[in-house]
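Q: I am new to this structure and would like to learn how to read it. Could we go through a few features together?

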Amino acid sequence: MPETAYWCELAWLPPGEVASGVLVTVTGSRISEVASGVAVPPAGAVRLAGLTLPGLANAHSHAFHRALRGLTQREKGNFWTWRERMYGVAATLDPDSHHRLATAVFAEMALAGITCVGEFHYLHHSPGGGPYGDPNAMGHALVEAARRAGLRIALLDTCYLAGGIGVPLTGAQLRFGDGDSERWAVRAEELLGAYRGEHDVEVGAALHSVRAVPAEQMPVVGAFSHHHAVPLHVHVSERREENAACVEAYTASPVQLLAEHDVLGPRTTAVHAVHLSEVDVALLGQSRAHVCACPTTERDLADGLGPVRALFDAGSPVTLGSDSQAVIDLFEEARGVELSERLVTERRGHWTAAELLQTATAAGHASLGFPEAGMLVPGAWADLVSVRLDSVRTAGACQEDAVEITVFAATAADVHSVVSGGRRVVEEGRHVLGDVGAALAAVIAEVRGVV
């Protein structure tokens, strides 16, 4: 296997310290050796300036939502007007345009230092709801898009059966549904089989929400996750209206309903988890379910602020996602967790920079089924993300405060080099696919032209 050496000016190493002169040797797609204190780059080593981090994990993404950026800010609007716009975009896509849009979006993620994405995928079928010749054509388009952009992907195939509790699917929503959870499981089994043994793809499961999956259908999805030992993600308590509808229908909160139907566990990720009671927090923590915070989307949609630190303290590992792609910048997501709590509590210091960086790296990868990623150690996936420490945002950083400046001041624009699974996909801030901005502009113009 090919071997490449990378000499990092500074690198963030376990158990959370910044070391200088770090030589990382990569063999194939894995790190084979890490040595610190190497004062001078050896001959033939690739020099990585600034601070080198493990690859970032975007634990919750809807790639096609990127076409909405800017559209939903007109005339103020609300969550429901945003959702109607989203359905309009969903109605236009086919496997080809979905692939081209996702490729550009995933390349934007790579430019931001993301090496693995959890794609919460529910755009399954053709307009009107009928299956394509290959019922998983839209899922395959996402996998190939991630590969082309240089990302690993956890394709979280989503069971989506209703437009609300007791409400049938209509309009663009018909593309999301399989009829019932048993038919969803048949299609998901086929998708899983297509990628069995391929190390850069994890096919997981998802329940869209308690609104979209009737309670009696939930155990099938949970059993699929348990039987195949794959991740299971679910939108949880994003809006107060969701909680109210769930209590009215089931006399239980969404978290309680999921617990009653054996959905919660260490492989589960509760996405958003904004409007929770103390009982909900305890149930999630005791189950060791991950919680995925998406601060830029949650503030964009005026969802509210979840008890993220309380969930972490209760036992739930915290991860981060770009969700609606209002912004693709995991540094912004990470500091959003801390800064939002400061506004609400009028206190600082809920999270350390190292804890926040952990949410964006190792915790996120683990929640997506890639536990051997997110760390710069031998045997881990060879994901190296290098951040400039000489930009107008990060200038003045030194070894002692490099992590703090990166987490609290750097942006995606400061990422200058990305190695993903041993492949150099970003060099000097440019993606191997070329002009990602131009690619985004072209495909988004096409999609919006028919909305």
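Q: Let's start with a helix. Which residues of helix α5 (residues 218-228) are buried?
A: Keep in mind that this is a predicted model. In α5, the buried residues are M218, V221, G222, F224 and S225.

Q: What covers the buried residues of α5?
A: The cover includes two helices, α4 (181-194) and α7 (254-260). It also includes the strands β7 (152-159), β8 (201-207) and β9 (232-236).

Q: Which residue just after α5 takes a positive phi?
A: That is A229, with a phi of about 55°.

Q: Now for the inside of the protein. How many residues does the largest nonpolar core have?
A: To read a core, look for buried nonpolar residues whose side chains join up. The largest one here has 127 residues, and F64, F106, L151, I153, L258 and L284 have the most contacts inside it. Helix α2 (residues 95-111) gives the largest share of this core, eight residues. Apart from it lies another core, of 14 residues, with C8, V24, V26 and L384 among them.

Q: Which residues is L151 in contact with, leaving aside its neighbours within four places in sequence?
A: Its partners include F106, M109 and A110, as well as S420.

Q: How much space lies in the largest pocket?
A: About 320 Å³. The pocket is lined by 17 residues, and E198, H199, V201, E202 and G369 are the closest to its centre. Strand β8 gives the most to this lining, with three residues.

Q: And C246, is it buried or exposed?
A: C246, in helix α6 (residues 240-250), is buried, with a relative accessible area of 0%. Beyond its neighbours within four places in sequence, C246 is in contact with I165, V210, T251, A252, S253, P254 and L257. From C246 to H199 there are 47 residues in sequence and 38 Å in space, C-alpha to C-alpha.

Q: Finally, which residues does the UniProt annotation "domain: Amidohydrolase-related" cover?
A: According to that unreviewed entry, it covers residues 53-425. This span is 39% helix and 16% strand, and its end C-alpha atoms lie 15 Å apart.

Note on methods
Residues numbered from 1 in each chain as written. Predicted model: local features only at pLDDT ≥ 70, side-chain atom pairs only at ≥ 80, totals over all residues. Heavy atoms only, no water. Buried < 20%, exposed > 50% of the residue type's maximum accessible area, 1.4 Å probe, protein only. Helix = DSSP H or I, 4+ residues; strand = E, 2+ residues; numbered from the N terminus. Contact = heavy atoms within 4.5 Å. UniProt positions renumbered as here; feature names shortened; annotations may be inferred. Core = buried A, V, L, I, M, F, W, Y, C linked by side-chain atoms within 4.5 Å. 1 Å grid on protein atoms, 1.4 Å probe; cavity = no way out; pocket = protein on both sides within 12 Å on 5 of 7 lines; lining within 4 Å. Points joined across faces, edges and corners; volume = space filled by probe spheres on them.
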